[in-house]
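Work through the following exercises with the sequence and the 3D structure beside you. Each task is followed by a solution in steps.

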Amino acid sequence: MKKIFIFIALSLMTVLPVAAQQALIPTPSRIQGGRGAFTITSGVRIVSGGGYADTLATRLQEELQEFGKRSAEKQEKSGGVISLRLDKSLGMPDEAYMLHVTPDSIALRASSESGLFYAREALLQLARSAGGTVRACRIDDRPRYAWRGFMLDESRHFFGKEKVKQYLDIMAALRLNVFHWHLTDEPGWRIEIKRYPLLTAEGAKGNWHDPKAPAAFYTQDDIREIVAYAADRHIMVVPEFDMPGHATAVCRAYPEVSGGGEGKWKHFTFHPCKEETFEFISNVLDEIAALFPAPYIHIGGDEVHYGNQSWFTDPEIQQFIRDRNLENEKGLEQYFIRRAADIVASKGKTMIGWDEIADAGVSPDKAVIMWWRHDRKHQLVKALENGYRVIMTPRRPLYADFIQHGSHKVGRVWGGYNPLEDIHRFPAPITNLTQGYDDQVMGMQFSLWTERVADPRRLDYMTFPRLIAVAESAWTPAGAKDYSLFMQRLPAILKMLDAKGIYYFNPFDPASTPEPGAPDKDDVLKNG
Ligand code: TNX
């Protein structure tokens, strides 16, 4: 009887409660509990195996000081060893890590720098959630997806360097590894390009709700600083230069490359057949390619039909369509995308585009598709069938400009909205579509469009806590995900957000965190 009791007690200790007690998000793919706990005190020794492990050890030494001091005051027993080792011969996949905690030692192991970095992030999370006492456990962890992203639109509204850095810090803690930076669109161009100074002198003026707002943009030094800051946290920064549509800010600054248009759609597109346009794009991309070490450049490619009315009437454009046998304006758009793909390839980069580009006939080794139209599932399937690699960011549930709670009034709604739970469930509802194409599905991202997000408070509110669920869906294998356990662990991460002064939506007490307003329209936008 006693034996059975001990057996049950032990197995409970090693399986379920561990997952519940360990305040780790994203939930690791594998965690086993052990007995006892390691208490971090000022007497802890940190040893490392050279190279990057030494760099991380130094960092960890500083980070763990808060616990050391507290413990020393409490006169707790000191001692114990934390060891960090980067070991290729362990043959662990990229980003994977092992964290082994016993009462006397903590071992962090990985075969990649990113893996060791994540082992350190996991340890910090465990330590912080329990005041420096880490329960014994062994974690063998690796991500579900290689692309775990967050997109921020800084054209519609500009938030600036410090906010971006704060988000990069949080992304790293959540093991998110791609920052997709939407830097150009209708209201403003946000990146300094030396060869075309008017892009910022003129193009950076204005934002979505105030066309007269002073120019706001990142200098090339700012960009380098942020790219380095991100790289230090194992985050790749992927810039987006949207074309041929959503190009209003560029064409306002340099009307010679404008595709015309009138009223609201004036300058919405590039001129699709002037060689001057492609030279311009190529020159801009030279500077962008030099600033961002990422192997990808996002060229947009979305919603061209919104503002290409003049393509239908301009005799030069119509002649071009006939001369090149492009059939119609759609064919012309696809021609433009093929040209863009070649230009991006000539800079040694791979093009990413919104899912419209899956129809352009670009060879799949030259393009990655970002699937966003949740109501066009066939676009995802077609992209996969045609051999493209795909990143999933369907509006439902992965657009952050959709509301997250039924009581909310500001934001988008489209046959529903994007609550935390739907994000946590993703990609379960669509895995039947991607089945058999696992190698082509690079991952997923949360995309924050900012037409109705004009200040940091609202930005935080739309991003958090949903980004935390995104991190779990992108990292944790389906079999290890459990929404009720996620909700049990969530408060530990919310505490971290509190410490950073983030104004998030509190799903446990919605009334305690009222929704911040938008500057223009204060109502829910349906299907649009
Ligand atoms: C569609 S997503 C857009 C954006 C808007 C967004 C608003 C995409 C490729 N284009 O320009 O900001 O909807 O939700």
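**Exercise 1.** In this predicted model, find how far a polar side-chain atom of E303 lies from a nitrogen atom of the ligand.

*Solution.* Start at the side chain of E303, where a polar atom lies 3.4 Å from a ligand nitrogen. Then turn to the oxygen atoms of the ligand: an N or O atom in the side chain of R412 is 2.5 Å from a ligand oxygen, and for the side chain of E451 the corresponding distance to a ligand oxygen is 2.6 Å. Finally, consider the ligand's surface, which amounts to 360 Å² exposed when the ligand is taken alone, and of which the protein buries 95%.

**Exercise 2.** Describe which residues surround the ligand and how they divide into nonpolar, polar and charged.

*Solution.* First list the surrounding residues, which are R156, H246, D302, E303, W354, W372, Y399, D401, R412, W449 and E451. Next sort this shell by type, which gives four nonpolar residues, one polar residue and six charged residues.

**Exercise 3.** Determine how many cavities of 30 Å³ or more are counted, and describe what lines them.

*Solution.* The count comes to two cavities. The largest cavity holds about 60 Å³ of space, and ten residues line it, with D401, G411, R412, W449 and R452 the closest to its centre. Strand 14 (411–413) and helix 17 (456–463) each supply at least two residues of this lining. The second largest cavity, with a volume of about 40 Å³, is lined by G301, K330, E333, Q334, I337, E356, I357 and A360, a set that divides into three nonpolar, two polar and three charged residues.

Terms used:
Residues numbered from 1 in each chain as written. Predicted model: local features only at pLDDT ≥ 70, side-chain atom pairs only at ≥ 80, totals over all residues. Heavy atoms only, no water. Near = heavy atom within 4 Å. Polar contact = N/O pair within 3.5 Å; in protein donor to acceptor, adjacent residues only side chain to side chain. Areas by Shrake-Rupley, 256 points an atom, 1.4 Å probe, with all protein chains shown as cover. Nonpolar A, V, L, I, M, F, W, Y, C, P; charged D, E, K, R; others polar. 1 Å grid on protein atoms, 1.4 Å probe; cavity = no way out; pocket = protein on both sides within 12 Å on 5 of 7 lines; lining within 4 Å. Points joined across faces, edges and corners; volume = space filled by probe spheres on them. Helix = DSSP H or I, 4+ residues; strand = E, 2+ residues; numbered from the N terminus.
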